[in-house]
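Thanks for coming, everyone. Please have a look at the model on the screen, and then I'll walk you through a few spots.

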Amino acid sequence: MPATGAAIAVLALSMPAMAQESAAFSLPELGYDYDALEPVIDAQTMELHHSKHHQSFVDNLNNAVEDGTIPADANVEDLVASASEYPTGIRNSAGGHWNHTFFWQIIGPVEEAGEPSDDFAAAIDAVYGSMDEFKAAFEEAGAGRFGSGWVWLVVTDAGELEITTTPNQDNPLMDLAEVQGTPVLGNDVWEHAYYLTYNNRRAEYLSNWWDVVNWDEVSDRYAQALAE
Ligand SMILES: [Fe+2]
């Protein structure tokens, strides 16, 4: 019997939802185009970084659900918080998924960068002397992270701001992190984040990167971290 128009409509509507439900983890959409961060971050880097590198972490986690390494109802926050209990592959994939999801949100087009909130700027001044001195310290930490990893500004459990770095896809939310805290700012210093434009000049990438930081988002995250 031929399908009715209504049946076809129902089928068409339900298919994307079914496809989404079948995967426990999914790649988040960016809130901007791949070329929106040029010239600081080139479009090809953004596309590869999001659609290939980040996607691979999502795929690895979904494969781990399929083979039973992690439960189907696992969420990335819990996996990260208990990273020490999982094999390295899960730690890397969960960290990679969390870190990149965070990263896409705290950067954005230059014209939407906003400003640090008064509270956040005052906290930075109190700890580092000025925003410029904070930036210099953050860049130095990022440049000094040997190999691949991340540089972070976190709010510690004591409510203090602290700069730290992590290797690979680790992050300060992990139970095994040397310095633990809630990230409010973080930069990816893997070569895949900058090599096409900056080659081996990581320090130049770190210095230019401030132009695409979304200070409204960072300030919101700072306020939320203090409230936790
Ligand atoms: Fe990355």
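**A walk through the model**

Pro-183 lies in strand S3; helices (H or I, at least four residues) and strands (E, at least two) are DSSP runs, numbered from the N terminus. Before I go on, a word on the source. This is a predicted model: local features need pLDDT of at least 70, side-chain atom pairs count only at pLDDT 80 or more, and totals for chains, interfaces and linings use all residues. Residues are numbered from 1 along each chain as its sequence is written, and side-chain values use heavy atoms, with hydrogens and water left out.

Back to Pro-183. Its relative accessibility is 2%, so Pro-183 counts as buried (under 20% relative accessible area; exposed is over 50%, partly exposed in between; 1.4 Å probe, protein chains only). What does Pro-183 touch? Leaving aside residues up to four places away in sequence, Pro-183 touches Trp-98, Phe-102, Trp-152, Leu-153, Val-154, Pro-172 and Leu-173. Contact here means heavy atoms within 4.5 Å. Tyr-198 is 15 residues from Pro-183 in sequence, and 25 Å from it in space, C-alpha to C-alpha.

Next, Asp-170. You'll find Asp-170 in the loop between strand S2 (161-167) and S3. Buried or exposed? Asp-170 has 6% relative accessibility, so it counts as buried. Its contacts, not counting residues up to four places away in sequence, are Arg-91, Asn-99, Trp-150, Trp-152 and Leu-176.

Now the metal. His-49 (NE2), His-100 (NE2), Asp-188 (OD) and His-192 (NE2) coordinate the iron ion, at 1.9 to 2.1 Å. Donors are N, O and S atoms within 2.8 Å of the metal (3.2 Å for Na, K and Ca); water is not among the atoms, so sites may look incomplete. In sequence, the donor residues are spaced H-x50-H-x87-D-x3-H.

Last, two helices. Helix H5 (residues 118-128) packs against helix H9 (residues 215-227) at an angle of about 80 degrees, axes 9 Å apart. Axes are lines fitted to C-alpha atoms, for helices over the stretch in contact, and angles run from 0 to 180 degrees between N-to-C directions. On the H5 side, Asp-119, Phe-120 and Ala-123 meet Trp-215, Val-218, Ser-219 and Tyr-222 in H9.
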